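Visitor: I would like to learn how to read a structure of this kind. Please take me through it one feature at a time.

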There are 2 protein chains.
Amino acid sequence: MGKKRAICILSGGMDSTLCSYIAKNDGYDIIPLHFSYGQKTQKRELQAFRDICSKLKIENKYEINIPFFKDIGASALTDNSIDVPINGIKKGVPVTYVPFRNGIFLSIATAIAEKENAKSIYIGVIQEDSSGYPDCTNKFINHMKQSINEGTKKNTNLDILTPLVNLSKEDIVKKSILLNVPLELTWSCYKKQKKACGLCDSCRLRLKGFKKASIKDKIEYKGIK
Amino acid sequence: MGKKRAICILSGGMDSTLCSYIAKNDGYDIIPLHFSYGQKTQKRELQAFRDICSKLKIENKYEINIPFFKDIGASALTDNSIDVPINGIKKGVPVTYVPFRNGIFLSIATAIAEKENAKSIYIGVIQEDSSGYPDCTNKFINHMKQSINEGTKKNTNLDILTPLVNLSKEDIVKKSILLNVPLELTWSCYKKQKKACGLCDSCRLRLKGFKKASIKDKIEYKGIK
């Protein structure tokens with residue numbers, strides 16, 4: 001009998017990469033799942049996903065293309081008429097919120113989990129030290145877990161695991177170092193694909209994590225040496 | 001101020017078409033939403049969707065393409081290596097079950113509802129007189145409603161309406177006649193796209209409904225006059 005399987009939602013950012021390493025460390029045979037959803041940095045994120053999968057010597061992985069998010073728009077990540085903010089993190093739900101993104105990601109992950117006979121889905125949501133997205137909370141994930149187990153076959157009993165949900169960005173950097181996560185292969189910037197901008201919310205949260213952990217981020221930033 | 005809006009998931013079958021007519025009858029400005037998910041009859045279903053939208057003089061509608069279901073496979077509706085059964089309805093979850101399809105459809109409908117400031121999502125699931133899909137029950141829909149309202153913006157308060165959930169196929173035919181639903185434009189067959197096969201579960205349920213309602217189905221069936 002093979003190892004138990006887990007679907008790992010892996011954007012290629014720091015959080016989801018650590019999350020996948022934790023799943024592997026938990027003893028799972030991991031099946032990484034990436035979404036290209038028309039986000040402005042989708043090429044770079046896909047590259048990060050593939051680099052990380054290569055590093056992990058993954059054979060079975062899913063690259064799912066759901067361009068309809070671009071048609072829906074209404075988010076600075078997918079809508080060319082809305083700029084990615086670079087003036088610092090504000091309170092409330094930011095314009096980078098993509099409507100019900102994690103609901104859609106978890107639903108698709110569920111379909112793949114049923115096909116692959118996986119036992120768990122790992123998702124690297126962070127509740128505390130995050131951008132204020134409503135689809136990143138413990139409460140939301142628990143509701144989704146119930147919906148998923150109600151709406152699938154009787155013998156499908158999926159666990160949704162969120163090992164990062166209560167971590168700070170500092171914790172994430174430190175834990176990544178402990179687990180030998182190749183943070184230099186990950187990509188967080190919402191805005192740029194060559195050198196990270198250093199100014200969008202995602203770059204700010206990442207840089208804050210490295211700074212607090214007193215570790216140097218090896219990726220290149222525009223204008224930061 | 002305009003009318004309140006509802007997203008109506010509309011496959012182009014009998015149930016979803018009646019459901020959209022009910023939403024209109026309930027006073028909503030309806031926004032029909034169709035999915036092409038790699039199902040074997042997707043061209044014919046899309047045509048039915050468009051015919052019904054034309055009949056309803058709809059301007060704002062969504063046709064969403066999610067071909068990844070074909071890559072996932074594991075269902076007779078999307079996987080060419082699994083035949084659509086034609087030997088009668090069996091107990092339990094049939095091979096035409098598409099993993100967590102309604103979970104995915106409702107999640108995407110939610111994203112569109114947030115963008116469109118819709119108040120409700122209508123979905124034509126049937127619990128009793130149906131094919132035994134786990135994602136068609138009242139309990140599942142109620143869980144999804146909670147998940148959706150937990151995982152979206154605070155001012156997004158979506159209702160998920162299932163006016164058909166306790167109806168029989170006979171009720172559906174009768175109610176359709178009452179509301180002038182153009183049943184002749186709808187398509188139910190899982191297998192064929194020119195003349196309906198009359199033998200798959202979906203054709204059998206449809207034909208049973210018409211027979212019990214003592215009404216003639218105007219669409220053409222292969223080998224049935």
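Visitor: Which residues have the most contacts inside the largest nonpolar core?

Guide: This is a predicted model. Its largest nonpolar core has 136 residues, and A:Cys8 and B:Cys8 are those with the most contacts inside it.

Visitor: What does B:Cys8 touch?

Guide: Leaving aside residues up to four places away in sequence, B:Cys8 touches B:Cys19, B:Ser20, B:Ala23, B:Ile30, B:Ile31, B:Pro32, B:Leu33 and B:Tyr122.

Visitor: How do I read the sheet in chain B, and in what order do the strands come?

Guide: Strands of a sheet pair through backbone hydrogen bonds, in either a parallel or an antiparallel way. In chain B, 5 strands make an open sheet with parallel pairing, in the order β3-β2-β1-β4-β5. At the edges stand β3 (62–65) and β5 (159–161) of chain B, each with a single partner strand, so one side of each has no neighbour in the sheet. From one strand to the next, the twist averages 25°.

Visitor: How many bridges join β1 and β4 of chain B?

Guide: Strand β1 (residues 5–9) and strand β4 (residues 120–122) of chain B pair over 3 bridges, in the parallel sense. B:Ile7 has B:Ile121 as its bridge partner in β4(B).

Visitor: Where does helix α4 of chain B lie?

Guide: Helix α4 (residues 101–116) of chain B lies across β1, β2, β3, β4 and β5 of that chain, at about 155° to β1(B).

Visitor: How many residues of chain B are in contact with chain A?

Guide: 33 residues of chain B are in contact with 33 residues of chain A. On the side of chain B that touches chain A, α4(B) gives the most, with 10 residues. The residues of that side divide into 16 nonpolar, 11 polar and 6 charged.

Conventions. Residues numbered from 1 in each chain as written. Chains lettered and ligands numbered in written order. Predicted model: local features only at pLDDT ≥ 70, side-chain atom pairs only at ≥ 80, totals over all residues. Core = buried A, V, L, I, M, F, W, Y, C linked by C-beta atoms within 7 Å. Buried ≥ 20, exposed ≤ 12 C-beta atoms within 10 Å, placed from the backbone. Contact = placed C-beta atoms within 7 Å. Pairing = 2+ DSSP bridges. Helix = DSSP H or I, 4+ residues; strand = E, 2+ residues; numbered from the N terminus. Axes fitted to C-alpha atoms, helices over the stretch in contact; angles between N-to-C directions. Nonpolar A, V, L, I, M, F, W, Y, C, P; charged D, E, K, R; others polar.
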